[in-house]
Amino acid sequence: MDKLSKAQRDEVATSLAALCLYDGGEAVTAGSINTILGATNNEVEAFYPVIFANFLKPDKIASLISSPGAGGGGGGGGGGGDSGGDVEEEKVEEEKVEEEEIDMGGGMDMFGGDEGGGDY
């Protein structure tokens with residue numbers, strides 16, 4: 001959490017507070033989110049509990065929980081490994097991913113003339 005920005009920490013704390021309320025069977029309201037945030041010594045911008053309470057209705061939370069691949073941003077990058085095997089894997093992948101030139105054919109340049117026979 002130390003590497004997250006203030007806004008990201010606010011979002012995580014508010015999300016977790018909403019999930020706690022949902023899991024406990026309580027109503028997810030801005031007031032109840034603020035109560036949990038206060039009890040856990042988390043200070044967030046005032047608009048986060050309101051936005052999350054309006055967005056995270058019980059059916060929406062259930063949908064998000066039951067389909068984990070459906071939302072969210074990209075996962076964090078993997079931790080830096082101490083082994084040298086990672087470098088070898090990267091080299092193998094680079095060799096596999098070589099771009100191929102594709103002859104698009106057509107016989108025309110971008111100005112509509114035949115290839116190579118222009119005034120330029």
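1. The second largest pocket is lined by Leu4, Gln8, Glu11, Val12, Ser15 and Leu16. On a 1 Å grid over the protein atoms alone, a pocket is an open set of points where a 1.4 Å probe fits, with protein on both sides within 12 Å along at least five of seven lines, and lining residues have an atom within 4 Å of a point. This lining comprises three nonpolar, two polar and one charged residues.

2. The model is predicted: local features need pLDDT of at least 70 and side-chain atom pairs pLDDT 80 or more, whereas totals for chains, interfaces and linings use all residues. Residues are numbered from 1 along each chain as its sequence is written, and side-chain values use heavy atoms, without hydrogens and water.

3. One salt bridge is present in the structure (a side-chain nitrogen of Lys or Arg within 4 Å of a carboxyl oxygen of Asp or Glu). Lys6 pairs with Asp10, their closest N and O atoms lying 2.9 Å apart.

4. Ala18, Leu19 and Tyr22 of H1 meet Pro58, Ile61, Ala62 and Ile65 of H4 (contact means heavy atoms within 4.5 Å). The residues of this contact are seven nonpolar, no polar and no charged.

Key
Helices (H or I, at least four residues) and strands (E, at least two) are DSSP runs, numbered from the N terminus. Ala, Val, Leu, Ile, Met, Phe, Trp, Tyr, Cys and Pro count as nonpolar, Asp, Glu, Lys and Arg as charged, and the others, Gly among them, as polar.
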